[in-house]
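Reader: I am new to this structure and would like to go through it with you. Could we begin with the backbone and then turn to other topics?

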Amino acid sequence: MAPEATDSDGAPARDTVRILLVACCLLALVLAGMLVPSLTGGAGGSPAERLVPGTALSSEGPPGSGLGPEELGNIGRSGFGALNPSRNTDVGGATGVDGPNPYQSQNNTVHFTVTSPRPAYWRTAAYDRYTGTGWRQSGGAVPLDGPIEGDGIQGPRVEYEVTLNRSATALPTVWRPSTVRDRSGLFVTDQRAVRTDQALGTGESYVGVSHRPPQDTALLRAAGTDYPVDVERRYTDLPTDVPARVGQFTDELTRNASTPYETAVTIEEWLETDKAYSLNVSRTSDSMADTFIFDMDRGYCEYFATSMVVMLRSQGIPARYTVGYSTGQQAGDTYTVRAMNAHAWVEVYFEDVGWVKFDPTPGSERLRTEQQSLAEQSPNEEYTPREEGSPGESFTPEGETAERTPTATPAPGETPTDGPDETDPEDQDDGTTGQTESGYDISLNRTAVPGTAVEVSVSRNGVPAAGATVLFNGDPVGTTDEQGTVVATVPYTRELRVDVDDGSAASFAAAGARALPADTDRFYRLPPPSTGAAEVTIPVETNATVTVSGDVVPGATVTVTATVDDVPVEGAAVHVDDRQVATTGDSGRATVALPDQPGPVTIAVEREPIAGSRTLTLPSLNVSVAPDAPLALPLTTATVTVTAGGDPVSSAPVLRDGRRAATTGVDGTATVGLPLASSTTLTASAFGLTDEATVSGLLANLGLALAGLVLAVAVPLGVAARRGYAPREVLALLRRLPRLTVQAAQWLLVTLATRGDELLARLAARLRRTAAHLAALLRGRVTPAELWAALLAWLTTKRRTLRRRVGRGETPEERPAETTPAEARRTVRSAWAQFLDYVSLRRQRTKTPGEIARHAVDRDGLPAEPVARLRDAFREVEYGARSASERLERVEEALSAIERDRADESEETTDGPRGAE
């Protein structure tokens with residue numbers, strides 16, 4: 001084997017060095033390919049995926065389940081915002097291997113955009129297991145190969161399109177997602193989050209369809225606590241090491257809440273009012289909820305959401321921790337969602353309704369922080385967000401509004417203050433006097449609603465009256481126990497008469513008995529027995545609240561719920577426009593089909609004495625067409641817009657003359673080609689309705705367009721002919737027009753770059769002079785005739801200047817007294833260029849001046865002597881470095897002779913030989 005070649009210093013030969021350099025370059029390229037996507041937030045699909053744990057989702061899992069817990073757990077541990085949430089997430093501080101906590105970021109980098117007719121939170125993951133330090137996902141996933149099954153009442157349908165600006169393994173969706181189109185290889189977790197087996201890259205998009213959960217607070221107030229066994233077991237579970245004081249404090253905080261909804265609102269409002277919003281927090285602990293509730297006074301979304309979930313679970317209410325993005329920056333139907341919008345919130349389960357979003361983070365403070373951050377990073381961006389947090393709640397950076405009754409909440413360690421309705425009887429003053437030692441007090445634990453079980457408390461002189469018989473409307477309903485209470489059901493009646501009989505008399509109470517004021521109607525007092533037999537009349541609430549859940553469109557099926565003071569109305573007749581169509585069940589609900597035609601419709605619920613109604617407006621379908629060209633022309637396109645009640649209608653088929661031509665997108669629009677016909681009819685259908693729009697005059701518009709095109713060509717040709725230009729000269733100019741256009745554009749760009757400031761200053765000066773002239777005219781200092789004469793003089797000066805620059809038509813008097821050599825050379829060149837316009841020789845750039853001159857004389861019939869003078873002068877200036885100024889006059893005379901010859905020939909061609917009659 002030959003020894004390695006070396007140079008005189010013993011170093012490796014040049015070939016070896018080159019090989020090493022090439023190897024180093026290849027290694028650098030490989031490293032760049034792995035690291036650059038990670039640094040830019042797009043590791044999906046890159047080699048770096050295999051080096052960063054968990055950026056890809058394995059498609060292998062248990063048979064029939066798609067993915068198992070371990071495969072799901074490998075998603076997104078690199079943590080590029082909430083687009084790649086991991087199986088485990090800590091609360092507070094940094095998360096993921098790449099450093100900063102995405103839910104603490106205020107970076108304005110765009111993560112994705114959404115086209116949607118409605119604002120929403122964009123959900124990517126949910127967590128069920130609280131670890132103390134954070135959250136963990138359990139359960140698996142199955143391939144997404146059809147509509148996602150779900151329970152609960154279905155709300156309005158919304159279709160939206162998401163375009164990613166960063167790689168993602170979790171696809172943002174509106175809660176609750178039903179289908180995701182235009183994508184394969186997708187999986188859905190048992191918490192209804194959509195994941196992908198391979199990260200989607202920048203620029204990729206998909207279309208999602210969701211049915212939002214009901215947001216009507218009356219519906220949520222009426223929800224009970226009969227949860228599915230698996231939901232209750234999984235989503236009320238808490239570790240045994242959660243400090244007991246969390247549950248004890250929440251017990252006291254929510255002691256006056258009688259429903260899960262009231263409990264959720266109470267906890268949410270306490271967090272929003274007692275804790276401040278701040279991103280400058282990084283505290284962690286082994287029991288994060290306990291730490292935030294008792295030891296911290298500020299935090300961001302992770303702390304708020306974690307604490308609310310743990311507090312709800314301590315009350316036996318199913319809740320889970322959810323992550324994704326808040327609404328983002330809205331511009332019409334487009335939402336720009338940035339890194340700063342990564343967010344965490346709560347989902348609460350309501351019986352029969354399903355999972356509903358609650359956001360305990362102070363919304364206005366969060367939006368103000370985002371607004372300030374975006375203004376600092378992008379001063380030209382306008383960010384005026386408006387978001388819908390919890391049901392009945394919306395907020396902006398300026399403040400918030402809520403369509404719900406606020407609940408007073410104490411700080412940790414304080415005893416919640418009872419409202420007037422819940423005050424103990426002995427502490428309640430109804431404003432009357434003269435109570436005797438023999439007086440009876442009666443209180444109800446809630447408003448009297450027909451069909452509702454109420455607890456009646458009877459006391460006398462502050463002592464529970466045990467063994468007393470209580471009668472409702474004359475019918476005994478029970479005997480009080482040792483605590484003086486009895487539970488009875490309110491009959492279906494407009495008034496409730498309560499009698500108390502302790503055996504000492506037929507009954508107590510007498511004339512003059514009355515109910516307390518409206519704000520304390522849950523507590524009543526009987527007059528003393530010395531006045532005789534007694535009865536008290538209690539008003540019964542009979543006004544029903546009617547809620548409608550679902551898409552309110554013609555022909556749709558919706559869920560109607562009737563409640564009275566949060567109590568479902570069972571067995572009530574449901575009428576649609578005076579026609580009974582259903583009867584409510586024990587949950588106060590009924591499924592109803594809406595009419596097929598648009599217009600107002602009244603839904604009424606009745607069960608004597610209860611009644612309530614609600615009027616809806618079913619929208620009509622509207623189709624409009626706008627041509628994409630200035631005129632509707634055959635073989636061009638038009639945009640068809642389909643709306644219902646002003647809202648875009650997606651996925652609506654569009655027919656052109658009876659044949660399907662397109663389908664509307666998420667913005668309710670579709671592009672349709674127009675046929676070669678006099679008119680066409682475009683039809684769209686949705687909700688069983690059909691509307692159409694006719695585009696007429698297509699051929700007439702085509703005739704107008706062709707006529708305009710002919711005029712656009714004929715008029716310049718006619719003007720050129722009148723000025724003595726032959727058709728072939730015009731055609732030659734047209735052939736040169738593209739090149740001249742490019743040259744003019746280049747000249748314009750160079751001029752703007754080199755003299756832009758000067759030209760701008762001159763333009764400003766001219767505008768000021770023009771304004772001064774107009775002011776003088778308005779003030780009468782100059783007459784219109786004088787102003788017109790000045791304008792004509794200015795135009796004449798400019799025309800002469802232009803003619804001198806192109807070397808045509810100057811008289812000796814108009815020519816400048818002195819011409820610089822450079823100007824003279826340009827004038828000679830321009831004269832030669834004008835001469836070439838008269839020459840029909842092709843590929844003139846490849847010919848010599850002599851060849852061009854011979855062709856001009858022999859083929860084009862130009863006068864020989866002027867052509868020769870022009871040729872010789874051009875040669876001497878361009879190739880002989882002779883003085884252009886000395887030959888300028890000769891050149892101009894030769895060009896003028898050639899122009900006169902062409903003009904004479906044109907007149908002879910038009911009018912015949914000179915002198916002919």
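Reader: Where is Asn473 found?

Author: In this predicted model, Asn473 sits in the loop between β27 (469–472) and β28 (475–479). Its phi is positive, about 55°, although Asn473 is not a glycine.

Reader: What is the phi of Ser651, and where does Ser651 lie?

Author: Ser651 is not a glycine either, and its phi is positive at about 60°. The loop that holds Ser651 runs between β44 (647–648) and β45 (653–656).

Reader: Why does Ser651 count as partly exposed?

Author: Its relative accessible area is 29%. Partly exposed covers values between the 20% limit for buried and the 50% limit for exposed, so Ser651 belongs there.

Reader: On to peptide bonds: which residues does the cis bond with omega of about 5° join?

Author: That cis bond joins Trp175 and Arg176. Arg176 is in the loop between β9 (173–174) and β10 (177–181).

Reader: And what is omega for the bond from Glu608 to Pro609?

Author: Omega is near 10° there, and the bond is cis. Pro609 lies in the loop between β40 (599–607) and β41 (610–618). Most peptide bonds are trans.

Reader: Changing topic, how far apart are the end C-alpha atoms of helix α9?

Author: They are 21 Å apart. Helix α9 has 15 residues (363–377), and at 1.5 Å a residue it should span 21 Å, so the two values agree. The expected span is 1.5 Å times one less than the number of residues.

Reader: Which residues of α9 are buried?

Author: The buried ones are Gly363, Ser364, Arg366, Leu367, Glu370, Ser373 and Leu374.

Reader: What about the surface: which residues make the nonpolar patch of about 360 Å²?

Author: Leu706, Leu709, Val713 and Leu717 make that patch. Leu706 lies in helix α10 (residues 698–722).

Reader: Why is Leu706 called partly exposed?

Author: Its relative accessibility is 47%, so Leu706 counts as partly exposed.

Reader: Lastly, how many helices and strands does the protein chain have?

Author: The chain has 16 helices and 49 strands. Of its 917 residues, 44% are buried. The accessible surface comes to about 45,800 Å², with 52% belonging to carbon and sulfur atoms.

How values were computed:
Residues are numbered from 1 along each chain as its sequence is written. This is a predicted model: local features need pLDDT of at least 70, side-chain atom pairs count only at pLDDT 80 or more; totals for chains, interfaces and linings use all residues. Side-chain values use heavy atoms; hydrogens and water are left out. Patches are made of residues with over 30% relative accessible area and no salt bridge: like charges are joined within 9 Å, nonpolar side chains (Val, Leu, Ile, Met, Phe, Trp, Tyr) within 5 Å. Accessible areas come from the Shrake-Rupley method with a 1.4 Å probe; for residues, only the protein chains shown count as cover. A salt bridge is a side-chain nitrogen of Lys or Arg within 4 Å of a carboxyl oxygen of Asp or Glu. Helices (H or I, at least four residues) and strands (E, at least two) are DSSP runs, numbered from the N terminus. Buried means under 20% relative accessible area, exposed over 50%, partly exposed in between (1.4 Å probe, protein chains only).
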